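User: Hello! I am new to this structure and would like to learn how to read it. Could we go through it together?

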Amino acid sequence: YFIIPRGTDVTQLPFPFRSWSARPRGPRDLFGFVIAVRMRKALRSANDVWPSGPFSPWLLAAKRLGMSFDTFLPQAIDTKLFSPVYRTPAIDPTSNRVTIFHPNRILFSRRRCLVESGGSMMNDLLFEGFARAVGRGVDAWLVLVERESSWEQEEARRILAELGVGNRVSWLEPDDRAGFTWAEMPKQYNASDIVVSGFAGW
């Protein structure tokens, strides 16, 4: 069998001690060690593991597991689905405003575990860059997503306000607290000029 992993499958789940600070307290702590044993066995027993690229969090985790990732399966993109066919500017359709969509969870703590595992999205780098661009005259609008896995949303609001760009940010509220579904995401992507991912080494 082959494994096509998500990030935490390799970077956090096999390491219950290292990932302690990367997960909320609760029932998952009780099962952390059981999950780690099973995940390590699954990864090491697989015919191959196909991450989407030679990204630093995966390579570091593989080294710690005594493995190496040599085959990568890039993520496919449906360019017909993800195209600006029904793009609508955030505020004024007649303006030259640039709409920037940042779909990642809001988590920018520099705790070592989060940085090494790619869990810290380092969104504050985007906030600072966005504020600089606006300060230099770029008519830009930032779109963020509210969800339960965004542990530092309120801190993000404070930072954006301090940077003087809080009034240029929209927070989308999905019906599901976990975030938008895969079927809902194309509309959000297509309604933006630029999509910015996290700065976590992926």
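Predicted model: local features only at pLDDT ≥ 70, side-chain atom pairs only at ≥ 80, totals over all residues.

User: How do strands of a sheet pair in general, and which residues stand opposite each other here?

Analyst: Strands of a sheet pair through backbone hydrogen bonds, either parallel or antiparallel. In this model, valine 143 stands opposite serine 170 in β5. Leucine 144 has tryptophan 171 of β5 as its bridge partner.

User: In what order do the strands of the sheet stand?

Analyst: The order is β5-β4-β3-β6, an open sheet of 4 strands with parallel pairing. At its edges stand β5 (169–172) and β6 (194–195); each has a single partner strand, so one side of each lacks a neighbour in the sheet.

User: Let me step back. How many helices and strands does the protein have?

Analyst: There are 7 helices and 6 strands. Along the sequence they follow the pattern β-α-α-β-α-β-α-α-β-α-β-α-β. Of the 202 residues in the protein, 41% are buried.

User: How do I read contacts along the chain?

Analyst: Look at how far apart in sequence the partners are. Among contacts between residues at least 6 apart, 69% join residues at least 24 apart.

User: Where is glutamate 152, and which side chain of opposite charge is nearest to it?

Analyst: Glutamate 152 is in the loop between β4 (140–145) and α6 (153–162). This residue is buried yet has no salt bridge. The nearest side chain of opposite charge is arginine 111, 6.5 Å away, whereas a salt bridge needs the charged atoms within 4 Å. Setting aside neighbours within four places in sequence, glutamate 152 is in contact with Ile106, Leu107, Phe108 and Ser109.

User: And the outside? Which residues form a nonpolar patch on the surface?

Analyst: Leu30, Phe31 and Ile35 do, with about 320 Å² of accessible area together. One of them, phenylalanine 31, is in helix α2 (residues 27–45). For the whole protein, the accessible surface comes to about 11,900 Å², and 56% of that belongs to carbon and sulfur atoms.

Definitions and conventions
Residues numbered from 1 in each chain as written. Heavy atoms only, no water. Patch = residues over 30% accessible without salt bridge, like charges linked within 9 Å, V, L, I, M, F, W, Y side chains within 5 Å. Areas by Shrake-Rupley, 256 points an atom, 1.4 Å probe, with all protein chains shown as cover. Helix = DSSP H or I, 4+ residues; strand = E, 2+ residues; numbered from the N terminus. Buried < 20%, exposed > 50% of the residue type's maximum accessible area, 1.4 Å probe, protein only. Lys, Arg positive; Asp, Glu negative; His and termini not counted. Contact = heavy atoms within 4.5 Å. Pairing = 2+ DSSP bridges.
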